[in-house]
Amino acid sequence: MITGNRGEWSEIYALFKLIGDGVLNQGNQNIERIEQAFYPIIKVLRSELENDFEYKLEEDSVIISGKELTQKIPVQSFQKRASD
């Protein structure tokens, strides 16, 4: 069984959400989203234990590379996981 605390699950959700949306929206002083102001997500770098992973967005896919690993996954998979 997979376990984790709230912080650990929040990290995974944030990863899925950022990659699924492809943008990081800016907010105002009231923490309200400013729709027209955003940063496009090009790449996410993640360090976990002794491994570093790179999630690179390319059109409708995400290229995941790390120690001895390269995988291509559709962005829709991240969108679905973020909404589950």
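In the predicted model, helix α2 spans residues 75-83 and has Val75, Phe78 and Ala82 buried (under 20% relative accessible area with a 1.4 Å probe, protein chains only; exposed is over 50%, partly exposed in between). These three residues lie on the same side of α2, because they cover an arc of only 60° around the axis, the arc being that of the directions from the helix axis to the C-beta atoms. Gln76, Arg81 and Ser83, on the other side of α2, are exposed. The cover over the buried residues of α2 includes α1 (6-21), β4 (51-58), β5 (61-66) and β6 (69-74). Helices (H or I, at least four residues) and strands (E, at least two) are DSSP runs numbered from the N terminus. Residues are numbered from 1 along each chain as its sequence is written. Local features need pLDDT of at least 70 and side-chain atom pairs pLDDT 80 or more, whereas totals for chains, interfaces and linings use all residues; side-chain values use heavy atoms, without hydrogens and water.

An open sheet of four strands has the order β3-β4-β5-β6 with antiparallel pairing, where a pair requires at least two DSSP bridges. Its edge strands are β3 (43-48) and β6. Six bridges join β5 to β6. Helix α2 packs on the sheet, touching β4, β5 and β6 (contact: heavy atoms within 4.5 Å), and its direction makes about 75° with that of β6; axes are lines fitted to C-alpha atoms, for helices over the stretch in contact, and angles run from 0 to 180 degrees between N-to-C directions.
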